[in-house]
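Hi,

Here is the structure I said I would pass along.

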Protein chains: 4
Amino acid sequence: MTRSPQQFASDNYAGVCPEAWSAMAMANEGSATAYGDDAWTEKAANSFRSLFERDCEVFFVFNGTAANSLALAALCQSFHSVICTASAHVETDECGAPEFFSNGSKLLTAPASESKLTPELIKALATSRSDIHFPKPSAVTITQPTETGIVYSCEEIQSIAAQCRELGLKLHMDGSRFAHACASLAVTPAELSWKAGVDVLCFGGTKNGMAVGEAVIFFDKALAADFDYRCKQAGQLASKMRFLSAPWVGLLESGAWLRNAQHGNACATRLAEGVKSVPGIELLFRVEANSVFLQAAKPILDRLRERGWRFYTFIGGGARFMFAWDADPQRVDQLIADIHEVARF
Amino acid sequence: MTRSPQQFASDNYAGVCPEAWSAMAMANEGSATAYGDDAWTEKAANSFRSLFERDCEVFFVFNGTAANSLALAALCQSFHSVICTASAHVETDECGAPEFFSNGSKLLTAPASESKLTPELIKALATSRSDIHFPKPSAVTITQPTETGIVYSCEEIQSIAAQCRELGLKLHMDGSRFAHACASLAVTPAELSWKAGVDVLCFGGTKNGMAVGEAVIFFDKALAADFDYRCKQAGQLASKMRFLSAPWVGLLESGAWLRNAQHGNACATRLAEGVKSVPGIELLFRVEANSVFLQAAKPILDRLRERGWRFYTFIGGGARFMFAWDADPQRVDQLIADIHEVARF
Amino acid sequence: MTRSPQQFASDNYAGVCPEAWSAMAMANEGSATAYGDDAWTEKAANSFRSLFERDCEVFFVFNGTAANSLALAALCQSFHSVICTASAHVETDECGAPEFFSNGSKLLTAPASESKLTPELIKALATSRSDIHFPKPSAVTITQPTETGIVYSCEEIQSIAAQCRELGLKLHMDGSRFAHACASLAVTPAELSWKAGVDVLCFGGTKNGMAVGEAVIFFDKALAADFDYRCKQAGQLASKMRFLSAPWVGLLESGAWLRNAQHGNACATRLAEGVKSVPGIELLFRVEANSVFLQAAKPILDRLRERGWRFYTFIGGGARFMFAWDADPQRVDQLIADIHEVARF
Amino acid sequence: MTRSPQQFASDNYAGVCPEAWSAMAMANEGSATAYGDDAWTEKAANSFRSLFERDCEVFFVFNGTAANSLALAALCQSFHSVICTASAHVETDECGAPEFFSNGSKLLTAPASESKLTPELIKALATSRSDIHFPKPSAVTITQPTETGIVYSCEEIQSIAAQCRELGLKLHMDGSRFAHACASLAVTPAELSWKAGVDVLCFGGTKNGMAVGEAVIFFDKALAADFDYRCKQAGQLASKMRFLSAPWVGLLESGAWLRNAQHGNACATRLAEGVKSVPGIELLFRVEANSVFLQAAKPILDRLRERGWRFYTFIGGGARFMFAWDADPQRVDQLIADIHEVARF
């Protein structure tokens with residue numbers, strides 16, 4: 001098929017990075033036991049344990065919808081609730097998956113600036129009701145980086161986790177771009193997760209260069225009780241598991257997990273820097289990870305589309321650009337140049 | 001990692017066949033729109049429409065558990081029931097997935113010889129109760145080939161479908177090895193599915209040479225209403241969909257889907273033929289697809305294990321062997337030779 | 001047990017009205033077939049058909065949580081959504097029941113003044129998203145009267161229903177106090193329901209003078225397909241059904257259903273009229289049914305409590321009073337007098 | 001309505017016994033706080049604590065379907081399973097309610113003689129599979145008396161409970177006719193429940209003389225965590241709770257709970273004794289509680305029907321008769337006489 005010029009509408013548009021591909025290719029040699037009882041899966045789980053400097057429970061599932069929903073379902077009963085921001089991906093873009101997997105757990109949403117939760121917002125939501133006519137809060141989920149590309153600092157997470165413990169809530173992190181947060185803050189995965197108080201992390205593989213697959217990591221192993229059954233029942237146990245796990249070995253052992261994220265972040269910064277002086281173009285949010293949200297008048301965005309660029313737009317005129325491991329800096333520069341031109345009229 | 005000798009305990013032990021791999025590799029060039037809005041996915045769906053000689057609705061999901069459970073959920077409400085055999089995979093090996101995806105649809109199981117349903121068994125189960133204290137039958141599911149490796153003929157399916165229509169039931173086919181049934185009967189996919197009266201088919205990709213992925217094919221398009229939402233909510237929508245769909249293009253356009261199945265079937269026949277004269281060894285079921293169930297005394301099976309062979313055993317002393325696209329005939333011959341030797345004592 | 005003075009914190013505090021009680025007592029004579037196959041249940045269903053001047057499907061369930069949740073589940077699949085106001089009882093006081101019964105249908109909430117939905121709000125919510133990452137709207141639910149005691153006019157419902165039809169949405173009415181709305185507007189049940197375009201109505205019995213029980217009425221009989229199975233599976237089929245149905249006969253045939261509601265409404269008006277001139281006391285909402293929301297400074301409400309009055313308070317200092325069929329006008333006058341006094345300081 | 005002659009097809013045909021009715025009437029005086037925060041509900045819970053000689057958690061729900069399903073859901077996750085007999089009411093007559101309330105827990109059924117589970121049957125089922133492709137057993141449910149009217153002795157329950165503890169399973173008792181078992185064995189409720197190792201008991205009110213209502217009793221209070229939320233979400237929290245709880249006070253304080261059961265049992269024995277010598281009539285099961293299963297040729301049963309008797313029939317020609325608190329001994333004698341006559345041909 002003919003290749004069209006690269007687009008930055010989503011970091012899901014990228015393919016598989018060489019390190020992940022090469023591990024898949026190696027895993028494809030010969031036969032292997034099914035359902036995760038194979039050497040690649042063991043190796044991948046151990047790679048995560050090394051990366052996180054901790055003996056944790058690691059599960060490999062197909063996608064982020066399932067990873068987050070299964071993890072939250074493990075923290076809740078159907079009559080419990082989960083605290084998140086109003087712009088959380090689980091609330092706005094999972095088609096009710098958290099409610100489906102949990103059989104009814106309600107999401108309690110906080111109106112959060114920059115999509116970030118705070119201890120205050122959590123406390124306000126968690127204590128707003130205490131009668132049985134309202135689902136009892138059981139967990140908090142934060143997205144790292146947020147849906148607007150902002151990163152929680154270790155300190156922010158620590159204070160959220162402290163609030164959670166005080167309220168008896170478990171802390172889940174939707175880390176579909178967790179690597180980008182690590183890259184952004186230049187901290188270790190351990191520092192940004194369990195050392196800061198996270199109980200369960202969903203570590204995104206797809207946006208980090210894999211074809212398919214996410215890892216669900218329970219730092220509190222007791223919370224992972226029977227989670228393998230939960231995955232199986234929910235259609236998230238791969239028979240040829242090695243093809244979900246081997247790419248992780250490729251990513252983690254080579255360091256590509258971090259390099260890929262650094263590259264995406266750098267391209268976002270490149271775009272932000274390149275357009276910051278353009279009249280009529282504003283950054284909607286600080287650029288801290290691999291996404292850039294540009295505010296511009298509709299005619300400007302229309303002209304950008306006419307030049308062939310694809311992007312999602314948001315209420316108020318924002319255009320989102322996201323950069324994956326494969327983002328071509330020259331193509332980013334083309335985008336910058338085009339933005340300069342279309343804004344000129 | 002070191003490669004161990006090939007085993008035939010499961011056809012899930014095989015890797016990705018060259019045709020599927022090569023399509024994945026091609027799909028990996030450049031970027032593509034996410035969530036199925038890409039050229040590979042369109043091409044794969046059209047390949048299925050050509051293969052089945054019919055305009056049908058095609059969905060790509062991650063695994064067989066999800067494919068079957070989602071399809072059945074689309075045919076049922078929670079208070080309905082699904083008729084199957086007592087040995088159906090959905091009943092015995094899905095950890096309650098059909099009940100989970102449907103929020104409670106009960107499986108009504110028929111004690112079926114050779115794991116085959118018949119119009120009589122269906123009618124008996126469907127009409128055994130008609131009060132509201134028992135879930136109302138809404139669908140029938142048959143596995144083709146059955147869990148024991150037996151194949152339903154087109155005529156058998158036609159008579160089952162006629163019974164279903166008479167009773168107002170929809171007919172679902174669990175075709176995790178559908179290709180093997182086509183190969184076994186030398187009939188077209190159309191003849192063995194919608195032409196015989198099947199409403200929904202789950203066509204297995206994993207056991208046919210893919211890394212991951214199954215296709216859910218609705219011949220009655222009305223039954224597919226909003227099925228895309230159902231997949232999304234249930235965590236079965238791949239963001240980088242092309243990696244689920246491109247391998248189908250590779251399999252279908254090259255004819256590998258059929259060749260792979262023919263090879264698996266041939267190896268099963270090779271084993272069956274090779275051991276049929278061995279005293280103390282009996283075939284538990286006719287060999288019509290890619291599996292062989294051998295009945296043998298425990299010491300014989302123990303000795304076989306001592307020689308390094310892995311296989312599942314069943315109540316009564318059965319040992320199952322299954323052959324994938326990659327089964328090495330020489331290795332099959334080794335197995336035959338070893339069976340001859342261990343049975344000799 | 002000693003009787004405490006009557007309270008107006010909730011219309012659930014009332015007992016069973018004489019007409020309902022007497023019907024229960026009559027139903028208690030002799031034995032009757034179980035599970036609704038009895039003369040009282042048939043009579044009650046027919047009484048509803050007469051009342052609504054239409055052949056409709058009528059089901060008797062235990063409470064409002066179940067009535068509304070089951071009705072909505074019949075209008076939705078798990079990946080669909082239901083449009084309601086942010087203050088709808090199904091959203092704020094059912095502990096996630098709609099999500100539970102439907103296995104995940106999300107409630108989409110509109111910020112509605114006076115808790116009323118409008119065609120514009122419905123259209124805005126229903127058309128805000130059309131991608132599969134967001135649950136597809138399938139139904140609208142309105143509460144009549146609203147949670148703030150305001151009544152939708154027939155014309156308002158008609159315009160909502162017209163919008164629903166245009167968008168392909170079903171219209172459900174949570175009528176836990178439907179009788180009070182009929183009384184308030186002096187219109188017939190038919191005019192206020194199916195003639196205005198309502199597809200399914202949950203008609204409240206408990207707040208109308210019964211011990212337990214609500215009626216789910218499908219004006220579009222096709223929507224009621226297998227609803228009896230749905231009720232049974234969800235634990236909402238009474239074995240001794242006559243005790244749920246006979247009280248309806250008592251209420252409907254005697255006209256008590258309307259008189260009870262008129263009385264409650266009149267007491268609310270009595271209170272509102274009695275306190276409207278009191279300085280420091282404001283009505284939060286127009287009084288159109290049987291509830292009164294009073295805005296007052298905290299010290300005033302505290303003093304009211306000290307005098308023994310019980311009531312719920314809301315954000316901003318509102319106190320809610322609700323009047324049932326048994327509200328004693330003299331006791332209402334005591335409340336009025338006490339409000340005058342506590343407001344005086 | 002005209003009263004037809006009493007039938008013994010079901011003990012659900014009976015109305016409310018005087019003691020329960022009188023308590024309801026008393027509860028109907030004056031107003032009371034809603035949702036169980038009333039004096040009658042407290043009193044009823046305490047009556048149960050006295051009756052069971054133990055501080056336990058008591059919840060009042062609407063019917064047996066919900067009581068059993070909610071209790072089992074509290075003992076299971078969706079990917080767990082529940083062990084019961086093939087003839088258990090939860091398996092055969094709840095329309096998939098246990099699967100619905102638990103979001104998919106599978107019932108594993110043992111083929112049990114006289115509908116009784118044994119430690120051996122439990123162990124065989126619980127240990128038959130231990131892989132994640134099959135739902136992990138989490139609870140056992142026994143019906144006391146069984147669906148065939150047989151009673152588990154305290155010793156039998158103790159041995160079942162011991163087996164459960166060994167296997168890490170919780171023990172639930174479906175006691176829709178628990179009172180009849182106590183009456184049959186002349187043991188205390190404590191002896192027949194927690195002292196024998198039962199963790200959760202559903203104590204039937206409807207079949208014991210109430211209009212509506214069952215009690216769920218957790219002897220292990222930890223298992224009742226958030227069960228009030230579970231009831232609310234599942235539509236099982238009565239707003240006018242006193243009408244569910246007061247009848248229990250009437251039944252328990254007066255001793256009617258036991259007398260009613262004794263009467264039902266005595267009538268069953270009366271019938272069994274009265275027909276035991278009739279040629280062509282056989283007892284299908286020992287008569288130990290309030291039901292009698294008669295085996296007779298079809299013409300005999302047809303003639304019995306022609307004489308106006310109603311009863312359920314079972315595969316193999318069994319006719320079931322059940323006796324409630326209101327069974328008229330003279331009417332039982334009529335039945336006996338009629339059986340003698342119809343069997344004479």
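Before anything else, please keep in mind that this is a predicted model.

The contact draws on 19 residues of chain C and 19 residues of chain A. Together the two chains bury about 1,600 Å², and 45% of that is on carbon and sulfur atoms. If you want to know where to look on the chain C side, go to C95(C), N103(C) and K106(C): they supply 34% of the area that chain C buries against chain A, more than any other three residues.

The rule finds six salt bridges across the interface of chain C and chain A. One of them pairs the side chains of E91(C) and K106(A), at 3.0 Å from N to O. Three elements of chain C, namely α4 (89–92), α5 (97–102) and β3 (106–110), each bring at least two residues to the side that touches chain A. Sorted by class, that side of chain C has seven nonpolar, six polar and six charged residues.

A32(D) sits in the loop between α1 (18–27) and α2 (39–51) of chain D. Is A32(D) buried or exposed? Its relative accessible area is 16%, so A32(D) counts as buried, the cut-off being under 20%. Leaving aside residues up to four places away in sequence, A32(D) touches D38(D) and R242(D) in chain D, plus N12(C) and Y13(C) in chain C. Also, A32(D) and M241(D) are 209 residues apart in sequence, yet their C-alpha atoms are 9.2 Å apart in space.

The other one is N208(B), in the loop between β6 (200–204) and β7 (214–218) of chain B. N208(B) has a relative accessible area of 1%, so it is buried too. Which residues does N208(B) touch, not counting those up to four places away in sequence? They are A179(B), F203(B), L251(B), A256(B), W257(B), N260(B) and A261(B).

Now for some backbone details. In chain A, Q144(A) and P145(A) are joined by a cis peptide bond with omega of about -10°, and P145(A) falls in the loop between β4 (136–143) and α7 (154–167). Chain B has a cis peptide bond between Q144(B) and P145(B), also with omega of about -10°. There, P145(B) is in the loop between β4 (136–143) and α7 (154–167) of chain B.

Y35(C) has a positive phi of about 60° although it is not a glycine, and its place is in the loop between α1 (18–27) and α2 (39–51) of chain C. Y35(C) counts as partly exposed, at 24% relative accessibility. In chain D, Y35(D) likewise has a positive phi of about 60° without being a glycine. Y35(D) lies in the loop between α1 and α2 of chain D and is partly exposed, with a relative accessible area of 25%.

Last, the annotation. An unreviewed UniProt entry lists residues 7–297 of chain A as "domain: Aromatic amino acid beta-eliminating lyase/threonine aldolase". Over that stretch, chain A is 40% helix and 16% strand, with the end C-alpha atoms 21 Å apart.

Cheers

Technical notes. Residues are numbered from 1 along each chain as its sequence is written. Chains are lettered from A and ligands numbered from 1 in the order in which they are written. This is a predicted model: local features need pLDDT of at least 70, side-chain atom pairs count only at pLDDT 80 or more; totals for chains, interfaces and linings use all residues. Side-chain values use heavy atoms; hydrogens and water are left out. Contact means heavy atoms within 4.5 Å. Buried area is the accessible area (1.4 Å probe) that two parts lose on being put together, summed over both. A salt bridge is a side-chain nitrogen of Lys or Arg within 4 Å of a carboxyl oxygen of Asp or Glu. Helices (H or I, at least four residues) and strands (E, at least two) are DSSP runs, numbered from the N terminus. Ala, Val, Leu, Ile, Met, Phe, Trp, Tyr, Cys and Pro count as nonpolar, Asp, Glu, Lys and Arg as charged, and the others, Gly among them, as polar. Buried means under 20% relative accessible area, exposed over 50%, partly exposed in between (1.4 Å probe, protein chains only). UniProt positions are given in the numbering used here, feature names are shortened, and annotations may be inferred rather than shown by experiment.
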